[in-house]
Amino acid sequence: MKSLKLLLRFAIAGALVLALLIPLSMIRSLIAERTAYREQAVERVARSSAGAQRLVGPLRALPYVDVREQAWTDATGHARTRQVRSEGTLLQAPLSLQVGGQLRPQTRRVGLFDVPTYVWNGQLSAQFSTALPPAPAGAVRRYGTPYLVLGLRDVRGLQGAPSLRVDGAALRLQPGTRAFNAHLAGASALLPEVVDGRVPGRSVTLSFALAGTQALEVVPVADDSRVRLASPWPHPAFGGDFLPVQRKVGARGFDAQWAVSSLASQAQAQLQRLQSDGGTQLDALRVELVDPVDAYTLADRACKYGLLFVLLTFVGFGLLELVRRVQIHPLQYLLVGLALAMFFLLLFSLSEHIAFWLAYLIAAGACIGVQFVYLAGVLRSPWLAGGFALALTALYGALYGLLMSEDNALLMGSLLLFAILAAIMWITRRIDWYALSTELR
């Protein structure tokens with residue numbers, strides 16, 4: 001029976017730990033809700049200015065009409081011929097493409113939320129073949145006026161008039177992508193007529209200023225596509241279907257280069273299907289302006305360790321009861337556990353208004369202070385309360401290290417748990433659990 005009393009104490013402590021999962025889960029739900037509000041802020045900025053951008057092109061479109069002689073038999077049985085016309089537009093990719101420019105980051109404030117935006121001062125140059133593609137067998141092909149196509153996900157982001165030069169002559173971009181309007185937003189420019197079997201538009205250069213929100217994608221449409229992007233933003237995230245072949249990332253920003261061959265990309269084949277199936281899923285390289293000290297992500301990650309905080313605190317209380325023979329009531333366990341849960345709520349609410357490290361310092365200091373004062377009365381010993389507060393300070397410091405070192409979080413967490421387990425085993429190595437059970441009243 002006396003052994004059962006010891007087990008009952010452990011069971012009560014375990015039940016309190018499970019009960020404290022309720023406020024912790026409520027805090028995590030609150031963080032998720034506020035994160036959704038932040039995504040709505042991003043959407044508001046995208047609606048009012050321009051969203052995440054994607055550059056496709058330049059591409060050369062070549063309208064054509066094929067005329068075929070078709071044999072048929074009339075109602076009287078006589079053989080006759082007639083002309084059948086079919087129309088279409090060839091979409092030609094450049095032989096080589098070079099894209100570059102500087103992303104100038106900006107921050108838009110929407111309520112409590114900061115949304116990263118940018119203006120891309122871009123330049124591109126493309127080289128096309130001038131040879132006409134062969135006509136299908138048995139058909140006479142006539143070509144219309146060719147034009148250039150420049151695909152942009154959000155044309156509203158264009159600032160001012162882009163400077164376009166084709167074969168040394170200045171051309172003006174016009175809204176829409178003509179035959180591809182249904183599947184590809186952007187702009188186009190008419191080229192001269194086809195003369196002597198040569199297609200105009202061999203050399204294309206373009207300078208522009210393009211605004212966007214958070215992310216930029218470039219589709220490597222050429223046989224040989226080379227992209228170089230630079231920005232003073234120090235925290236880029238590279239993604240999409242291709243990673244940079246060279247990149248430099250530092251406190252002063254980033255400089256990244258991509259080299260993509262048509263052998264490694266499906267972009268050309270995907271573009272050819274635009275008119276047939278309307279598919280708009282294109283291989284692309286992507287760079288995103290992210291905030292590594294994202295208060296919402298860090299607060300959510302910190303809250304995941306809430307159960308560990310409560311469990312380790314209760315273990316500390318249990319050790320005090322065993323080693324110092326101090327009686328701690330279950331209600332006192334609960335109050336201390338609620339104070340630990342309040343830390344995560346304070347941290348999250350403060351981090352929306354001030355820097356995360358400062359919010360962490362204030363929230364941790366407040367929670368450690370209130371627990372020191374409370375435990376000094378519960379334990380009737382400021383020295384024991386001070387030692388416990390010191391242990392909590394070390395625990396909060398370890399948590400901050402885990403949050404700031406995402407890549408090594410698993411290793412650091414494993415080492416921390418191992419050290420705590422070793423310390424508990426060392427402290428309790430000489431406890432006679434059977435004798436302790438007989439002392440319980």
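Colleague: At which residues does UniProt place the feature "transmembrane region"?

Modeller: First, this is a predicted model, where local features need pLDDT of at least 70, side-chain atom pairs count only at pLDDT 80 or more, and totals for chains, interfaces and linings use all residues. Residues are numbered from 1 along each chain as its sequence is written, and side-chain values use heavy atoms, leaving out hydrogens and water. UniProt positions follow the numbering used here, with shortened feature names, and annotations may be inferred rather than shown by experiment. The unreviewed entry puts the feature at residues 305–323, 330–348, 354–376, 383–403 and 409–427.

Colleague: How far apart are the end C-alpha atoms over residues 354–376?

Modeller: Helices (H or I, at least four residues) and strands (E, at least two) are DSSP runs, numbered from the N terminus. Over residues 354–376 the chain is 91% helix and 0% strand, and the distance between the end C-alpha atoms is 31 Å.

Colleague: Is Ser188 buried or exposed?

Modeller: Ser188 sits in strand 10 (residues 186–190). Buried means under 20% relative accessible area, exposed over 50%, and partly exposed in between (1.4 Å probe, protein chains only). Ser188 has 1% relative accessibility, so Ser188 counts as buried.

Colleague: Which residue's side chain makes a polar contact with the side chain of Ser188?

Modeller: A polar contact is a pair of N or O atoms within 3.5 Å; within protein, one must be able to donate a hydrogen and the other to accept it, and residues adjacent in sequence count only if both atoms are side-chain atoms. For Ser188 the pair is at 3.3 Å, and the partner is Arg178.
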